[in-house]
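Here is a short briefing to read alongside the sequence and the 3D view. Take a moment to look around before you start on the points below.

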Amino acid sequence: MNMIRGKARLLGDDINTDLHCSSKYHPGRDNAYVARHAFEQLAPGFAGRFGKGDVIVAGRNFGNNSSREQAVHILRLMGVGAIVATSFGRQFFRNCINNGLLVVECDPAGVVEGDDIEVDLGDGRVAIAARGIVREAPQLPGEVLAILAAGGLIPFLKAHPDWQVQPPAASRQPPATVQRS
Amino acid sequence: MGATIAEKILGSHAGNRTARAGDVVVAGVDFAMLHDGRASNALKRIEQLGAKKLPFASRTAFVADHYSPPPHPEAANIHREMRAFADQHGAVLYDVGDGICHQVLPEGGHLTCGDLVVGTDTHSTTYGAFNAFGTGVEGTDLSAVMMTGKLWFRVPETIRVDLKGRLQAGVWAKDVTLHMLGRLGAEGANYKAIEYAGPAVAAMEIDDRMTLANHAAELGAKAALLEADEKTFAWLKVHGARAPRPVTADADARYCQRMEIDAARLPPQVARRHHIDDVVGVPEVEKQRINYALIGTCTNGRLDDLRQAAQILKGKRIARGVRMIVTPASRQVWLAAAREGLIEALTAAGASVEAAGCGTCVNITGHLITGDGDVVISSANRNFKGRLGNDNSEIFIGSAATVAASALTGHITDPRTVDGGTWRPASKAA
């Protein structure tokens, strides 16, 4: 059962993670530095408030125009348990799958900063019990779920170098929340 | 039900299965590319994967283009790692000054019609000009390809765009892509493939077709696909490519959206400051003074782009207060431009012509950082605030012809209104 529970940490629309969560414009800065300052131009103190296992809840085009995989490594370093957003930039979404970070397309309307949020990938459901919010999330294809279940493409290929994709079993280990970069 | 070009290429590379939009396939890749902007991460992922052998290395190009030459020790050191890795594993290496990844790959004969090509850059859509499915991926993806020769792909839906009629003289593929951005919005084609077709596309030479496919990246497109024709085959043959396996869409292919562009009525376009999808016809911004005019990048750094500029500027001087920088997309383009006298013509007109590379596209290259209040018109692909290193600066985006005409007058100018601005390339026979 792929279930993530954490506090909702809100961000807006069209977030460019290359800009706000990578060292693209800060050569020589390590991931730890970037993680400490992630999204601070958009939401001052965001990284400081973010707790391990918390869930980013955002609007349209999260990862807009953003193709850097490093941003996902930094999000893992911050301890992001999952990202729920109305929509995602294609390459950012792909990079999350490849690095075992749960991404769910879902309307965030009504979610308030700090809400306890539950993301159930197996059932395709996002819920905030305290507000009576229960929303469906689109099912990801079996191959993609298998890569997520393995913790990302590299662990998947270490286990299955021939790309033999099995749909995930009914009960799965959740992916590790911290991945070495 | 018939198939789109994207469905056919992904299906044929995934064990000849029928692939339809929404399917996930594991497909064999024909060629891969890694550039110095992403090499640090990619090399770490390859190490993390820990493959004993990398059989695909010989079908991978490592390209030093973003940091050409390196502007800081981090870049210089990643170049050293790239050279060592390419040498050890037999990857193709394009070094400082050879040119931009998306230019050197086709020039090097590494891809052909019907191919599936991945690159660690969003503008990998460029390869669609050659009827190849080219898409941007990252380091983890590249490590998977290097070890297994395959990668997972979700088959995209396709937007079909038919260009009716023919572009006017002085109007170029860049004006089409800007028009598309104005209509769909940045990321308006997110996750989708775009098929461009119609007489206006057929009339484009290869340089402009590359612009058309390249700038689809700003629409968020996964791939941009053109049909192949005699121009494509001739170009590929001259550059030593493998035999083409052209792919066309079926007449009954299913598209998620169909669009038409009346090419003959399209005037030159400009994306205004900070937003690539805030697009207007050039006449709307003609009073806008500029003090930088930039030609180059994978979007518009090819021979026809330099020819457009030289046609307008030869024998003249750029306006007082304007700095112009021209960066050919590759060493091949640079040499061809030199042989035609374009380097001399542009330099004599007051432009600075650089060695090939990504050049003034983005401040991380170290080639140009703008001052407070500077206004740039560029043939590059993006113009978000701060792209050239200064939030207190503005970037407008246009075709090479629009940039050159603007350099001449000192304000944004419709190239059709200046001498040489209505030049067209002579159509090349096969």
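In chain A, 57% of the 181 residues are buried. Keep in mind that this is a predicted model. The points below start with chain A as a whole and then turn to a pair of helices in chain B.

**Chain A: surface and contacts**
- The accessible surface of chain A is about 7,300 Å², and carbon and sulfur atoms account for 50% of that area.
- Take the contacts in chain A between residues at least 6 apart in sequence: 66% of them join residues at least 24 apart.

**Chain A: helices and strands**
- Chain A contains seven helices and seven strands.

- Helix α11 (residues 303-313) and helix α14 (residues 400-409) of chain B have axes that come within 8 Å and cross at roughly 30°.
- Angles under 35 degrees count as roughly parallel, and α11(B) and α14(B) are therefore roughly parallel to each other.
- The crossing of α11(B) and α14(B) is right-handed.
- On the α11(B) side, the contact is made by B:Asp305, B:Gln308, B:Ala309, B:Ile312 and B:Leu313.
- On the α14(B) side, B:Ala400, B:Ala401, B:Ala404, B:Ala405 and B:Leu408 take part.
- What kinds of residues make up the contact of α11(B) with α14(B)? Eight are nonpolar, one is polar and one is charged.

Technical notes. Residues numbered from 1 in each chain as written. Chains lettered and ligands numbered in written order. Predicted model: local features only at pLDDT ≥ 70, side-chain atom pairs only at ≥ 80, totals over all residues. Heavy atoms only, no water. Axes fitted to C-alpha atoms, helices over the stretch in contact; angles between N-to-C directions. Helix = DSSP H or I, 4+ residues; strand = E, 2+ residues; numbered from the N terminus. Parallel < 35°, antiparallel > 145°, perpendicular 65-115°, else oblique. Left-handed = near helix turned anticlockwise from the far one by under 90°. Contact = heavy atoms within 4.5 Å. Nonpolar A, V, L, I, M, F, W, Y, C, P; charged D, E, K, R; others polar. Buried < 20%, exposed > 50% of the residue type's maximum accessible area, 1.4 Å probe, protein only. Areas by Shrake-Rupley, 256 points an atom, 1.4 Å probe, with all protein chains shown as cover.
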